Amino acid sequence: MANKMKIFQFPCREDNYGVILSDPETGLVISIDAPEEEPIADVLEDKRLKLTHILTTHHHGDHVAANAALKAAHACEIIGPKKEEAKIPGIDKSVDHGDTFELQGQRIEVIGTPGHTLGQIAYYFPDQKAVFAADAMFALGCGRIFEGDAAMMHLAMQRLAALPDETKVYAGHEYTLSNARFAVTIDPENKALIERAKEIEHLRDEGTPTLPTTIGVEKETNPFLRAHDPKIRALLVMESATDEEVFAEIRARKDRF
Ligand code: ZN
Ligand code: FE
């Protein structure tokens with residue numbers, strides 16, 4: 001069993017989250033993506049950490065903006081998605097779906113989560129029981145489909161849902177309030193969802209983050225993981241459709257919400 005890592009989550013930009021993981025025993029310090037230089041630099045300074053790695057999930061500007069500056073300041077190694085290699089500033093090493101690698105004894109598994117972009121990946125740390133899902137899975141939501149299609153995004157969500165229920169899910173954005181308001185229109189009789197939606201209104205009123213969530217909570221309440229649910233299918237009048245078709249319809253409705 002690898003050392004337990006400290007995980008710091010903090011807001012960046014408009015509604016992004018930055019995440020830094022630190023293993024005090026080995027000096028391993030990882031930033032998941034690099035949305036914005038200043039808040040990341042502040043956390044590193046505050047905790048007296050030297051950044052050793054950036055793990056990039058996808059090429060969007062709000063996830064790679066600080067790659068160059070952080071690399072210049074810390075000489076950190078940047079690891080990112082093979083399929084987007086050419087678009088990741090400062091990338092040193094690329095990884096793809098199914099790859100496993102170790103950093104200072106910490107095992108990291110790469111899960112391909114295409115759809116939002118064609119090459120997006122998530123990083124799963126089994127010993128920390130945590131996955132960093134960026135713009136694939138959000139609390140009560142899933143990423144917008146920019147480069148791929150609904151089938152890809154459905155696959156991405158199913159891959160993440162296959163992780164153990166207790167896995168903590170860190171995501172790229174605080175979108176939970178609007179996701180919750182949409183989710184109850186799709187799954188209005190789901191008691192766990194209704195309770196959670198109330199809790200989220202309360203948390204956001206106070207400016208409290210709603211992340212991380214867990215795979216177990218998402219499976220119970222996230223409509224994008226519930227395409228098989230008979231009540232959702234009845235509401236959409238899609239009783240005989242495939243899960244993928246139901247998923248695509250929910251995604252299309254969210255785009256118009
Ligand atoms: Zn993105
Ligand atoms: Fe993003």
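Which accessibility class does R253 fall into, buried, partly exposed or exposed? In this predicted model, R253 counts as partly exposed, with a relative accessibility of 30%. Its salt-bridge partner is E249, and the closest N and O atoms of the two lie 2.7 Å apart. E249 is partly exposed as well, at 23% relative accessible area. Both residues belong to helix α9, where a spacing of four residues separates them by about one helical turn.

The salt bridges in the model number 17. One of them joins K82 and E85, with 3.8 Å between the closest N and O atoms; K82 is partly exposed at 42%, and E85 is partly exposed at 34%. A further pair, D187 and R226, has its closest N and O atoms 3.1 Å apart. This bridge links distant parts of the chain, 39 residues apart: D187 sits in the loop between α5 and α6, and R226 in the loop between α7 and α8. Both D187 and R226 are buried.

Beyond its sequence neighbours within four places, F247 is in contact with residues including M153, M157 and F224.

At the surface, P24 occupies the loop between β2 and β3 and is exposed, at 55% relative accessible area. Outside its sequence neighbours within four places, P24 is in contact with K4 and K6.

Definitions and conventions:
Residues numbered from 1 in each chain as written. Chains lettered and ligands numbered in written order. Predicted model: local features only at pLDDT ≥ 70, side-chain atom pairs only at ≥ 80, totals over all residues. Heavy atoms only, no water. Contact = heavy atoms within 4.5 Å. Helix = DSSP H or I, 4+ residues; strand = E, 2+ residues; numbered from the N terminus. Buried < 20%, exposed > 50% of the residue type's maximum accessible area, 1.4 Å probe, protein only. Salt bridge = Lys/Arg side-chain N within 4 Å of Asp/Glu carboxyl O.
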